[in-house]
Each structure stands twice: as structure tokens, then as C-alpha cells.
Amino acid sequence: MPCASAADSSPITDSLIVRALLGALGAGVVAAFARRAGMLTRGGQWAAFATGIVATAAGWDWAALLVAYFVVSVLLTRAGWEAKRAAVREVLPMQGERNATQVAANGGLFALLVFVGDLRGEPLLLVAGLGAIAAAAADTWATEVGLLWGGEPRSIATALTVRRGESGGVTLAGLGASAAAALGFAAASHVLIPVRSGAGGATMMAVALGALGGSLADSVLGATLQSNRWCDNCRMWTERRVHTCKYRTRHARGVRWMTNDTVNFLATVIGALVSLTVLGWLT
Ligand SMILES: [Zn+2]
């Protein structure tokens with residue numbers, strides 16, 4: 001029986017391996033291009049490569065969604081870059097290149113959930129994955145659009161005005177961008193999730209509320225638990241370890257290990273959980 005092993009492997013596994021190999025090729029090209037264009041650090045390139053392979057193994061449409069998220073995020077980050085950097089340079093260590101932690105924090109949970117969801121044929125995991133990436137998009141887009149057109153932000157916790165770039169600050173323009181992300185990913189879910197009888201509307205609502213819930217949670221965590229530093233020289237809050245005045249800043253608020261990347265990752269977890277909860281209520 002020379003062909004027994006070939007006959008044993010299911011077409012699902014075969015197509016998954018083929019997609020993973022082609023995904024490695026595509027993700028390698030996209031990540032290398034993004035690195036050359038100054039969008040990713042070397043570590044960020046590897047993280048994007050790995051995320052791309054996992055998402056493509058899950059399905060071509062998931063890979064397309066990930067690329068769309070990445071391209072829109074990069075375009076919004078680049079828009080008005082110099083003006084944004086000048087406005088927030090005292091508050092944020094603002095770099096144009098995304099590193100490995102940032103890539104993993106935003107796209108890691110999504111890739112994992114849709115991969116396992118596709119492998120096990122479990123639509124709930126696919127909805128959770130969409131909720132995770134939609135939350136990441138809603139947060140990223142709100143930050144960039146808010147910095148561009150939002151004017152003076154207010155803290156989501158105290159409603160007092162805060163400096164531009166300070167975590168936990170929200171603007172109307174930023175909330176509008178979150179809503180746009182929620183609608184966009186809800187529409188995508190209509191195309192991407194195999195609709196069980198009558199569940200299409202519930203899925204869209206679940207993903208939209210996951211996006212909004214995740215990005216709002218990001219702001220709340222940013223205003224409360226996120227580690228924030230203080231410059232004794234300028235008497236100013238900042239996320240920089242070394243301030244623009246060259247003084248070393250000190251940890252002065254929040255949980256020490258709760259960095260901006262940790263909060264971004266938690267926002268995707270909350271996006272996934274909100275989506276699952278809403279879907280549970282509606283179906
Ligand atoms: Zn200072």
C-alpha cells in the first residue's frame with residue numbers, strides 16, 4: 001500500500017498546509033516591503049511574518065482582512081505624521097516603526113482565534129477573532145484620527161482635558177473613527193462568517209459591539225491601570241522613560257507592568273469576549 005499515507009491525509013489538512021506555505025511567501029514579501037518602507041522594525045517584521053502565516057493558514061479572506069487592517073492603520077499613522085509627532089513628543093515615545101510586541105499585541109489573538117476556529121470548524125471562535133481585530137482597529141484608528149482632527153482630548157475617567165497623546169484621553173473625532181471601524185468590521189463579518197440560519201445580523205452586531213467595547217476598555221485602562229511616568233524636571237506626565245528634557249522619568253501611577261502594549265492586547269481580549277457575549281444574548 002504505497003499510497004496509504006497520501007490517502008490518509010484529509011483535504012482540509014492539505015489545503016491548510018498549502019495555504020501556510022503560500023502564506024509564508026506572501027507574508028514574507030509584505031513584511032519585507034513594510035520593513036523597507038520604515039513601517040516595521042526587524043522584530044516587527046518577524047512578528048508580522050508569523051502572524052501572516054497563521055492568518056493565511058486559517059483562510060485567504062482572513063489574510064486579506066489582516067492586510068487591510070494593517071494598510072489602513074499604517075496610512076492613518078502616516079497621515080500628518082510630523083504635526084502629530086510635534087504635538088505629542090513630550091508625552092509619547094512616538095516611533096513610526098511597529099515593533100514585535102506591538103504587532104503581536106494587535107494581531108496575535110486574532111490570528112490564533114481564526115486559525116483554531118477554521119481548524120475546528122467553530123464559528124464562535126471566528127466571531128471572537130473578528131471582535132479582537134475589530135477592537136484593535138477601533139483603538140488604533142481612534143488614536144490616529146483623534147490626533148489628526150480631534151483637538152483637545154478629555155479623560156474618559158474624569159472628563160477633564162488632558163494633553164494630546166495621553167492614554168485614556170478621548171475625542172469626538174476618535175470616537176467617530178472607532179464607530180467607522182466597528183461598522184467596517186461588522187460588514188466584513190457578514191462576508192467572512194459562514195452564516196447559520198438567521199444569525200447574520202447577530203454576528204454583525206456582536207463584532208460591532210466588540211470593536212466599541214474593546215476600544216473603550218482600552219481608554220478606560222489607559223486612564224486608570226496603565227503605567228504612567230512623571231518627569232520631575234518638567235512636572236509633567238509622560239510615557240517616555242527618558243524625557244525630551246533628557247531627565248529620567250519615574251513610574252508614578254498605575255500598574256508598573258501595564259504598558260501601552262499590554263493594554264492594547266487586553267483590548268483585543270475584551271473585544272473578543274464582548275463579541276461572544278453579545279452573540280450569546282442574540283442567538
Ligand atoms: Zn522633562
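This is a predicted model: local features need pLDDT of at least 70, side-chain atom pairs count only at pLDDT 80 or more; totals for chains, interfaces and linings use all residues.
## The chain as a whole

Let's start with the big picture. The chain has 283 residues, for which a compact globule would have a radius of gyration near 19 Å; the chain comes to 20 Å, which agrees. Along the principal axes, its C-alpha atoms fill a box of roughly 80 × 40 × 30 Å.

Its secondary structure consists of 10 helices and 5 strands. Of the 283 residues, 48% count as buried. Among the contacts with a separation of 6 or more, 71% are between residues 24 or more positions apart.

## How α7 and α8 pack

Now for a closer look at one helix pair. Two packed helices are described by the angle between their axes and the distance between the axes. Helix α7 covers residues 123–149 and helix α8 covers residues 172–192; they pack at about 150 degrees, and their axes lie 7 Å apart. Angles over 145 degrees count as roughly antiparallel, so α7 and α8 are roughly antiparallel to each other. The crossing in which α7 passes α8 is right-handed.

## Who touches whom

On the α7 side, the contact is made by L130, A134, A137, A138, W141, A142, T143, V145, G146 and W149. The α8 side brings A173, G174, L175, A177, S178, A180, A181, A182, F185, S189 and L192.

Sorted by class, the contact of α7 with α8 has 16 nonpolar and 5 polar residues, and no charged ones.

Conventions:
Residues are numbered from 1 along each chain as its sequence is written. Axes are lines fitted to C-alpha atoms, for helices over the stretch in contact, and angles run from 0 to 180 degrees between N-to-C directions. Helices (H or I, at least four residues) and strands (E, at least two) are DSSP runs, numbered from the N terminus. Angles under 35 degrees count as roughly parallel, over 145 as roughly antiparallel, 65 to 115 as roughly perpendicular and the rest as oblique. A crossing is left-handed if the near helix is turned anticlockwise from the far one by less than a right angle, and right-handed if clockwise. Two residues are in contact if their C-beta atoms, placed from the backbone, lie within 7 Å. Ala, Val, Leu, Ile, Met, Phe, Trp, Tyr, Cys and Pro count as nonpolar, Asp, Glu, Lys and Arg as charged, and the others, Gly among them, as polar. The radius of gyration is taken over C-alpha atoms; the globule rule is 2.2 Å times the number of residues to the power 0.38. A residue is buried if 20 or more other C-beta atoms lie within 10 Å of its own, exposed if 12 or fewer, and partly exposed in between; C-beta atoms are placed from the backbone.
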